Amino acid sequence: MSRVLNAIVAVCPDFGIGKNGTLPWHPINLRNEMKHFQTMTQTSPVEGKQNVVIMGRKTWFSIPENHRPLRNRINIVLSRQYKAPPTGAHYLAADFSSAIRLVETKLSDQADQIWVIGGNSVYKEMMEEPGTKRLLVTRIMKQFDCDTYFPPITPDKFRLLPQFPGVSMELQEEQGVQYRYEVYESIEN
Ligand SMILES: NC(=O)c1ccc[n+]([C@@H]2O[C@H](COP(=O)([O-])OP(=O)(O)OC[C@H]3O[C@@H](n4cnc5c(N)ncnc54)[C@H](OP(=O)(O)O)[C@@H]3O)[C@@H](O)[C@H]2O)c1
């Protein structure tokens, strides 16, 4: 596979990403962090193409209804039980490789970057795929109660990049919550 696989996530210190079907820090709204998510997943430098977001069924329903589908992006939802995309989603895939195949075949002329946006098992599958993977991780520096987690990022498989275009490496703070952006890239073996 030629396309880089990108994942984007915001994690608590214990790598928690969710609680009760929403974000662990809910109802705190980290607006700039959310803007970072929108900018990174939406921006395609290729005229006339859109990026693809791939997500599990629960992540789809964790997005407020008025924000679904994520605009200016091709939304693919993964489900083993659904027979048709949930209302508003563009495509349904029964497994991760079918989603990638869909992008590489039917959508190849209209799709640019691939962004995996959660949850747990979808991130895990993406990280185990062959080829180049990039992880855009927001490290939230405050612990909230979590029930869903990001898979471990191991130094034998991923290295932390010293910088990345469009991503600030400065300490961020909003709503009394500090966080940092990190970008990891897979190590080719
Ligand atoms: N902090 C963050 O950046 C972030 C990002 C994303 C999500 N979240 C949070 O994480 C939670 C949701 O994540 P989650 O891990 O619980 O669920 P999820 O991965 O979003 O959804 C799980 C469901 O997706 C489907 N699915 C997953 N992998 C599949 C595969 N390989 N093939 C086919 N279907 C697949 C299955 O649906 P069926 O049961 O329909 O078969 C599965 O039950 C929420 O709390 C959300 O707010 C946080």
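Author: Start with burial: a residue is buried if 20 or more other C-beta atoms lie within 10 Å of its own, exposed if 12 or fewer, and partly exposed in between, with C-beta atoms placed from the backbone. Helices (H or I, at least four residues) and strands (E, at least two) are DSSP runs, numbered from the N terminus. Now the case here: S6 is mostly covered, as five of its six residues are buried.

Reader: What kind of model is this, and how are residues numbered?
Author: This is a predicted model, where local features need pLDDT of at least 70, side-chain atom pairs count only at pLDDT 80 or more, and totals for chains, interfaces and linings use all residues. Residues are numbered from 1 along each chain as its sequence is written.

Reader: How many helices and strands are in the chain?
Author: The chain has four helices and 11 strands. Its radius of gyration (taken over C-alpha atoms) is 16 Å, close to the 16 Å from the globule rule (2.2 Å times the number of residues to the power 0.38) for 189 residues, so the chain is as compact as a globular protein of that length. Buried residues make up 33% of those 189.

Reader: What is a nonpolar core?
Author: It's a set of buried Ala, Val, Leu, Ile, Met, Phe, Trp, Tyr and Cys residues joined through C-beta atoms within 7 Å. In soluble globular proteins, nonpolar side chains tend to be buried together. Here the largest core has 44 residues, and Val52, Ile54 and Val116 have the most contacts inside it. Among the elements that each supply at least two residues are S3 (50–56), S6 (111–116) and H4 (120–128). S1 gives the most, with five residues.

Reader: Which residues is Val116 in contact with?
Author: Contact means that two C-beta atoms, placed from the backbone, lie within 7 Å. Leaving aside neighbours within four places in sequence, Val116 touches Leu5, Asn6, Ala7, Ile54, Val122, Tyr123 and Met126 by that test.
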